[in-house]
Amino acid sequence: MEILIATIILGMSMGVVFFSLKNIEETRCIADLKGSTVALQNAMLVVAFGSPPTTKRVAFKMPTCGDKSVEAVRFVYYKQRELCRLCPGQYEGCWVIEPTVYDFVQKKLYRLEDAAVCVQMPADISIEAVISPECLGSQMTDTPCPQNLPDGTTCKIKETAGFASPIYDPISTRSASVWQTFGRKQGDPRTFIFELSKAVTPGLSGSIRVCPMVK
């Protein structure tokens with residue numbers, strides 16, 4: 001009986017240790033991802049306030065942190081103040097970079113809150129995808145959904161991405177937020193290079209051209 005009790009206690013103890021180690025590894029992974037997102041944030045700021053053709057390149061890794069698989073990154077301008085909690089003092093709208101996780105069980109996307117960052121740049125800057133032989137701009141969309149989902153299914157704005165009007169509205173630009181979403185597809189590596197460059201856009205503060213590339 002004593003041996004059985006000792007075995008049970010040992011098994012429980014090992015389970016607790018394994019769970020703790022798993023949580024530590026996941027926390028460390030998310031912290032590393034946040035570091036990559038901050039580097040992307042800093043590059044966007046330099047380009048946003050620079051003169052054309054200011055250009056920056058940043059390596060960005062989309063890791064798997066525990067059961068969280070990062071499959072996309074969104075560059076989004078939210079016009080709704082309740083979505084600007086990451087940006088103190090910005091109540092009329094905000095730019096946010098948000099790594100996005102795909103839940104294979106629920107078949108839904110959600111932003112990884114702990115790795116999202118605010119970008120304190122002007123509202124009237126636009127984000128443009130670059131499509132060229134070396135740029136994966138065709139994998140970017142102007143919606144909350146990436147072009148590809150890792151399980152091969154189609155992303156639906158409301159059901160999969162969880163956004164409905166007026167947060168996302170392809171017709172009303174007055175109330176809807178503004179999106180550029182890059183998604184990795186099956187077979188892609190998990191590390192990309194984002195090249196950001198400043199361009200002139202008539203009537204705006206300028207635009208940031210985004211060229212995602214395979215590292």
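**Close-up 1. Gln 41, a buried residue of helix 1.** In this predicted model, Gln 41 has a relative accessible area of 16%. Buried means under 20%, so Gln 41 counts as buried. The residue is part of helix 1, which covers residues 2-49. Look for the side chain of Gln 41: one of its polar atoms lies 2.4 Å from the backbone oxygen of Cys 118. Once neighbours within four places in sequence are set aside, Gln 41 touches Ile 97, Val 117, Cys 118 and Val 119.

**Close-up 2. Phe 60 meets Phe 194 edge-to-face.** By the rule for pairing rings, the count here comes to eight aromatic pairs. In one of them, the ring centres of Phe 60 and Phe 194 are 5.9 Å apart and the planes stand at 85 degrees, so this pair is edge-to-face. The two partners come from distant parts of the chain, 134 residues apart: Phe 60 belongs to strand 1 (residues 55-61) and Phe 194 to strand 10 (residues 191-199). Phe 60 is buried, at 0% relative accessibility, and Phe 194 is buried at 0% as well.

**Close-up 3. Phe 194 also pairs with Phe 182.** Here the centres are 5.5 Å apart, with 85 degrees between the planes, and the arrangement is edge-to-face. Phe 182 sits in strand 9 (residues 178-183) and Phe 194 in strand 10, so their pairing ties together parts twelve residues apart in sequence. Phe 182 is buried too, with a relative accessible area of 0%.

**Close-up 4. The largest nonpolar core, with 34 residues.** Which residues have the most contacts inside this core? They are Met 44, Phe 75, Met 121, Phe 194 and Ile 208. Elements giving two or more residues to the core include helix 1, strand 1, strand 3 (68-78), strand 10 and strand 11 (206-214). Helix 1 supplies the largest share, eight residues.

**Close-up 5. Another core, of 19 residues.** This core lies apart from the largest one, and among its members are Cys 145, Leu 149, Ala 161 and Ile 167.

Key: Residues numbered from 1 in each chain as written. Predicted model: local features only at pLDDT ≥ 70, side-chain atom pairs only at ≥ 80, totals over all residues. Heavy atoms only, no water. Helix = DSSP H or I, 4+ residues; strand = E, 2+ residues; numbered from the N terminus. Buried < 20%, exposed > 50% of the residue type's maximum accessible area, 1.4 Å probe, protein only. Polar contact = N/O pair within 3.5 Å; in protein donor to acceptor, adjacent residues only side chain to side chain. Contact = heavy atoms within 4.5 Å. Phe/Tyr/Trp six-rings, centres within 6.5 Å; stacked < 30°, edge-to-face > 60°. Core = buried A, V, L, I, M, F, W, Y, C linked by side-chain atoms within 4.5 Å.
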